[in-house]
Amino acid sequence: MTDALSARRLSRRGLLAAGGAATLATLLAACGKDDTAKPATGNGSGPWSFTDDRGTKVEAAARPTRVVAFTGVAAALIDFGLDKQLVGVFGETKQADGTADPQAGDLNVEGVEILGNVWGEFSLEKYAALRPELLVTHMYDPDALWYVPDESKSKILPLAPSVAITTARVPMTKPIERYAALAESLGADLSAKKVTDAKTRFDAAAEAVRQAVKANPGLKVMACSGSPDLFYVSNPKVSTDLMYFAELGVDIVVPTKLESGDYFEALSWENTGKFPADLILLDNRSTALQPKDLTAKPTWQQLPAVKANQVTPWDAVPRFSYAGSAPLLENLATAIRNAKKVS
């Protein structure tokens with residue numbers, strides 16, 4: 001594994017992921033383009049194209065009907081109305097007890113081929129056997145396909161066209177809109193009640209955050225993640241969900257001594273009190289330390305927000321759909337309304 005890949009794995013998956021990913025370079029300027037898909041004909045028999053956030057125009061003689069995606073992407077596409085088109089996934093899909101990982105959303109994990117369930121796993125043999133017509137995943141680093149292993153991508157990518165959607169350095173609404181456009185190009189009906197209801201809920205939740213901030217001014221919020229040795233404070237100027245929270249008026253701690261990529265600051269546990277905060281958003285994934293694990297960290301226990309029981313779970317890898325993201329905003333609004341100044 002190269003040093004670059006090691007850094008990306010450490011920062012993106014093991015620590016803060018979307019909420020605190022280390023990148024090794026700035027994102028391509030093309031990532032912010034408003035390129036849209038060219039819808040295929042109603043029966044999918046016409047030509048299809050989609051320009052992704054690498055600036056790559058992906059083309060096919062007909063609309064792809066056999067799509068393989070990162071699990072969180074598949075869940076988002078399902079939220080927008082796709083279903084039978086999704087034949088395979090990769091990334092955390094099933095938990096140790098066999099139940100669906102939260103990242104899977106409404107994905108039927110028994111109805112798709114799982115090519116890999118952890119970072120670094122991607123079965124080339126299973127992928128080829130699926131006869132894939134399209135591969136879709138996030139893009140946190142320039143040209144890096146999330147959870148597609150670098151060491152085998154030269155064998156994976158020739159088997160089907162790929163689409164990458166930027167999920168960093170843009171507000172959360174941007175990848176949501178891009179995945180919606182992709183889903184529509186693949187046959188989803190964005191005017192379906194399921195989709196419009198989810199958009200209505202998302203908009204209401206965003207407004208609830210705005211109103212909560214107005215009702216509780218001056219509240220300082222910190223997004224963080226813990227590992228056995230280090231405490232990571234995420235940067236709202238880079239992390240897509242935190243960037244959107246800030247747009248809604250949330251006053252989020254901005255770390256000052258950033259690691260490569262500017263995604264977070266890594267602190268020793270002795271220095272966890274560096275940034276005063278009234279409310280803590282704590283990475284809730286199994287790869288990060290949870291409140292029960294943190295009881296052994298004296299400096300964590302001394303934080304004013306922890307003493308006041310003002311710690312709320314944080315989905316550091318959002319599901320980029322209106323249905324997937326609305327609950328995150330609702331939970332944030334509730335946490336802000338119920339918090340008090342303690343720092």
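Predicted model: local features only at pLDDT ≥ 70, side-chain atom pairs only at ≥ 80, totals over all residues.
The side chain of Ser-185 reaches out to the backbone oxygen of Leu-182, at 2.7 Å. Residues are numbered from 1 along each chain as its sequence is written, and side-chain values use heavy atoms, with hydrogens and water left out.

Ser-185 belongs to helix H5, residues 173-185. Its relative accessible area is 1%, so Ser-185 is buried. Here buried means under 20% relative accessible area, exposed means over 50%, and partly exposed lies in between (1.4 Å probe, protein chains only).

**The chain as a whole**

The protein chain has 11 helices and 13 strands; these are DSSP runs numbered from the N terminus, with helices (H or I) of at least four residues and strands (E) of at least two. Of its 343 residues, 56% are buried. Contact means heavy atoms within 4.5 Å, and among contacts between residues at least 6 apart in sequence, 70% join residues at least 24 apart. The accessible surface comes to about 14200 Å², and 52% of that belongs to carbon and sulfur atoms; such areas come from the Shrake-Rupley method with a 1.4 Å probe, and for residues only the protein chains shown count as cover.

**Salt bridges**

How many salt bridges does a search of the whole structure find? The search finds 15, each a side-chain nitrogen of Lys or Arg within 4 Å of a carboxyl oxygen of Asp or Glu. Three of these pairs are set out here.

| Asp-150 | Lys-153 | 4.0 Å |

Asp-251 is partly exposed at 33%, and Lys-220 is partly exposed at 25%. In another pair, Asp-293 has 30% relative accessibility and counts as partly exposed, whereas Lys-292 is exposed at 65%.

**Around Asn-117**

Where does Asn-117 sit? Its place is in the loop between strand E5 (113-116) and helix H3 (124-129). With 23% relative accessibility, Asn-117 counts as partly exposed. Leaving aside neighbours within four places in sequence, Asn-117 is in contact with Gly-91, Glu-92, Thr-93 and Lys-94. Its side chain reaches the backbone nitrogen of Thr-93 at 2.9 Å. Lys-94 is 23 residues away from Asn-117 in sequence, and their C-alpha atoms are 6.9 Å apart.

**The largest pocket**

The largest pocket holds about 570 Å³ of space. Of the 26 residues that line this pocket, Asp-101, Pro-102, Gln-103, Asn-284 and Arg-285 are the closest to its centre. Helix H11 (residues 322-338) gives the largest share of the lining, four residues. On a 1 Å grid over the protein atoms alone, a pocket is an open set of points where a 1.4 Å probe fits, with protein on both sides within 12 Å along at least five of seven lines, and lining residues have an atom within 4 Å of a point.

Key. Polar contact = N/O pair within 3.5 Å; in protein donor to acceptor, adjacent residues only side chain to side chain. Points joined across faces, edges and corners; volume = space filled by probe spheres on them.
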